[in-house]
Amino acid sequence: MSDGLDPLLTAEDWARQGRKVAIATVMETWGSAPRPVGSHLVIDGEGNFEGSVSGGCVEGAVITEALDVIGSGAARMLEFGVADETAWRVGLSCGGRIRVYVERLG
Amino acid sequence: MDLASLSRLNAARAARRAAVLVTELAGGRSEVLEEGDTAPPHLADAVRAAFLSGRSGLVETEAGQLFLNVHLPPPRIVAIGAVHITQALARLAGIVGFDLTVIDPRTAFATAERFEGVDLVADWPEDVLPARPLDAYTALAAVTHDPKIDDFALAEALRRGCFYVGALGSRKTHAKRVERLAAMGLAAEEIARIRAPIGIDIGAASPQEIALAILAEIVESFRHRNLAGATA
């Protein structure tokens with residue numbers, strides 16, 4: 001069992017319990033980004049989550065997108081940052097930009 | 001990612017084996033490659049670079065855009081001998097980012113006062129290492145000068161493929177050690193992996209300087225370590 005601090009172990013546990021799971025991964029960063037490339041946030045169909053892709057700045061938006069991905073099964077690439085049109089809604093206060101890939105497990 | 005890939009990745013991480021998860025962005029297909037696995041030709045260079053640097057990232061290939069997420073076990077140092085050099089090595093290792101364990105059965109040396117905050121085991125290597133196995137992401141530095149303590153750990157480090165194996169002692173001392181290890185059944189080319197005299201040559205004189213020379217040699221070995229198979 002995972003202790004909740006390792007999102008990939010959590011994702012495997014959840015999937016084995018029969019829960020629907022999405023995995024979000026930081027794939028690119030520019031400038032000052034709070035979490036490095038390769039970091040994960042994992043989300044289940046109820047909106048429970050473990051891990052992080054930023055310092056808490058964009059997790060809410062990623063979770064919303066992840067629920068769509070769990071429903072549709074189609075992976076998508078999200079981009080967040082001050083240069084993005086969503087900057088005033090969800091952005092990175094640190095001024096960096098990140099691209100986050102969200103996919104359904106299984 | 002499919003559950004089988006995730007399970008394989010988690011199993012490799014739990015066993016302290018390096019692994020890279022390759023995700024095809026167009027189709028979403030994923031594959032786990034462990035260090036030493038034969039990577040597909042279009043990926044070989046990128047996979048090798050990822051294992052060496054530990055850096056994840058996107059790569060463009062003839063098969064489209066791929067994301068390589070590399071998972072390396074955290075490198076660590078096991079020092080045999082709770083001596084003056086090891087006290088300095090314990091401090092320096094923390095600064096450079098290596099976890100460190102000290103093993104020495106001599107309770108006069110292996111005291112909590114001398115090694116405050118250090119993972120210290122006052123027992124024989126042959127009693128400690130079966131439960132805490134050495135691996136390819138471990139550096140072993142044997143610095144007791146005592147064959148009864150050092151030799152088993154050195155042999156075990158060579159058998160387990162530690163990325164660095166170093167032993168304190170003069171060339172003359174080492175020549176005798178080579179004979180003993182050969183008598184233990186180790187092949188000459190395995191024994192030749194031992195770095196002795198220990199530490200890069202910076203003319204180190206004090207225990208602190210010797211610790212620095214050892215740590216520099218460990219970093220060099222880690223960054224230049226052999227990745228046979230990953231290039232195939």
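Student: What is the area buried between chain B and chain A?

Tutor: This is a predicted model, in which local features need pLDDT of at least 70 and side-chain atom pairs count only at pLDDT 80 or more, while totals for chains, interfaces and linings use all residues. Residues are numbered from 1 along each chain as its sequence is written, chains are lettered from A in the order in which they are written, and side-chain values use heavy atoms, with hydrogens and water left out. Buried area is the accessible area (1.4 Å probe) that two parts lose on being put together, summed over both. Carbon and sulfur atoms give 62% of the area between chain B and chain A, which is about 1,500 Å².

Student: Which three residues supply more than any other three of the area that chain B buries against chain A?

Tutor: Contact means heavy atoms within 4.5 Å, and 18 residues of chain B are in contact with 22 residues of chain A. Of the area that chain B buries there, 34% comes from M1(B), L3(B) and L6(B).

Student: Which residue of chain A forms a salt bridge with R13(B)?

Tutor: A salt bridge is a side-chain nitrogen of Lys or Arg within 4 Å of a carboxyl oxygen of Asp or Glu. The rule finds one across the interface of chain B and chain A. Its closest N and O atoms are 2.4 Å apart, and the partner of R13(B) is D6(A).

Student: Which element gives the largest share of the side of chain B that touches chain A?

Tutor: Helices (H or I, at least four residues) and strands (E, at least two) are DSSP runs, numbered from the N terminus. Helix 1 (3–14), strand 1 (19–24), strand 3 (57–61) and strand 4 (64–71) of chain B each supply at least two residues of that side. The largest share, six residues, comes from helix 1 of chain B.

Student: Why does the pair of Y137(B) and F222(B) tie together parts that are apart in sequence, and how many residues apart are they?

Tutor: Rings of Phe, Tyr and Trp (its six-membered ring) pair if their centres lie within 6.5 Å; planes under 30 degrees apart count as stacked, over 60 as edge-to-face and the rest as tilted. Y137(B) and F222(B) are edge-to-face, at 6.1 Å centre to centre and 70° between the planes. Y137(B) lies in the loop between helix 4 (125–128) and strand 8 (138–142) of chain B and F222(B) in helix 8 (residues 207–223), so the parts tied together are apart in sequence by 85 residues.

Student: Which residues form one aromatic cluster?

Tutor: F163(B) and F222(B) also form an edge-to-face pair, 5.1 Å centre to centre with 65° between the planes. The cluster consists of Y137(B), F163(B) and F222(B).
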